[in-house]
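Hello,

Here is the structure I promised to pass on to you. Have a look at it first, and then read on for what turned up.

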Amino acid sequence: MSGFPGKQPVNVTGTLNVRLRPLRHTDIEDAFDRAMKQHGHGARVTGGGTSLTPQGEISACHIEIELDDLSDALIMAVTGTLTALQMPKGSYLTVPPGRRIDFGVREGLALYLDGTDLRDADHVFAECARLLGDAGSVDSHWTGKQETALYMYGADFRIMMDRLQEYPLCRKCRIEQIA
């Protein structure tokens, strides 16, 4: 419902360049709503979703947002809040009539491990998190038919990649920059 009587709300879409499982995606939506309400901004989440590759791997998350108005100040509040929530580079807001506003601060790394039956997946997650230290975090994962991917986000892709090279298991893995 619009905060201004007689005024039509405007819907915008945030495309988040982050590969998160649905529960983590919901955490972002909830944090966004709390921040908007706390600061008295006229914006609220009305929906969301996930884009998948043909192999079923998450490629991006989407957040549908209703704005009380289409002012530059409110758009800046929305993108500023999503940036403060540590959304990765390559994220953007689509505003009618098709204007794209880029935002995001973190860089992303996907570590693709050969095979899908990691005997001690918890150990691999913990070891990657330990190696990253304050340079990043393991935020999500995906298991495909032939490989498992760990998605990590931090301030600098190169630093994260260098730190992971210390782990023998990672030396034989495929690493991609995803943000």
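This is a predicted model: local features need pLDDT of at least 70, side-chain atom pairs count only at pLDDT 80 or more; totals for chains, interfaces and linings use all residues.

How are H1 and H2 set relative to each other, oblique or roughly parallel? The axes of helix H1, residues 22-38, and helix H2, residues 72-84, cross at roughly 130° and come within 10 Å. Angles over 145 degrees count as roughly antiparallel and 65 to 115 as roughly perpendicular, and H1 and H2 are therefore oblique to each other. Their crossing is right-handed. On the H1 side the contact is made by Phe32, Ala35 and Met36, and on the H2 side by Ala77, Val78, Thr81 and Leu82. Sorted by class, that contact has six nonpolar residues, one polar and no charged ones.

Helix H3 (residues 121-132) and helix H4 (residues 157-164) have axes that come within 8 Å and cross at roughly 125°. That makes H3 oblique to H4, and the crossing of H3 and H4 is right-handed. Here Cys128, Leu131 and Leu132 in H3 meet Met160, Arg163 and Leu164 in H4. The residues of this contact divide into five nonpolar, no polar and one charged.

For the overall picture, the protein chain has five helices and nine strands. From the N terminus on, its elements run β-α-β-β-α-β-β-β-α-β-β-α-α-β. The C-alpha trace spans about 60 × 30 × 25 Å along its principal axes.

Pro96 and Pro97 are joined by a cis peptide bond, with omega at about 5°. Pro97 is found in the loop between strand E4 (91-95) and strand E5 (99-103). The other spot is Gln86, in the loop between H2 and E4. Phi of Gln86 is near 70°, a positive value in a residue other than glycine.

Last, the pockets. Which residues line the largest pocket? They are Thr53, Gln55, Glu57, Tyr112, Trp142, Gly144, Lys145, Gln146, Glu147, Arg174 and Glu176. By class, this lining divides into two nonpolar, four polar and five charged residues. About 150 Å³ of space lies in the largest pocket.

Happy browsing, and best wishes

Definitions and conventions: Residues are numbered from 1 along each chain as its sequence is written. Side-chain values use heavy atoms; hydrogens and water are left out. Axes are lines fitted to C-alpha atoms, for helices over the stretch in contact, and angles run from 0 to 180 degrees between N-to-C directions. Helices (H or I, at least four residues) and strands (E, at least two) are DSSP runs, numbered from the N terminus. Angles under 35 degrees count as roughly parallel, over 145 as roughly antiparallel, 65 to 115 as roughly perpendicular and the rest as oblique. A crossing is left-handed if the near helix is turned anticlockwise from the far one by less than a right angle, and right-handed if clockwise. Contact means heavy atoms within 4.5 Å. Ala, Val, Leu, Ile, Met, Phe, Trp, Tyr, Cys and Pro count as nonpolar, Asp, Glu, Lys and Arg as charged, and the others, Gly among them, as polar. On a 1 Å grid over the protein atoms alone, a cavity is a set of points where a 1.4 Å probe fits but cannot get out, and a pocket is an open set with protein on both sides within 12 Å along at least five of seven lines; lining residues have an atom within 4 Å of a point. Grid points are joined across faces, edges and corners, and a volume is the space filled by probe spheres set on the points.
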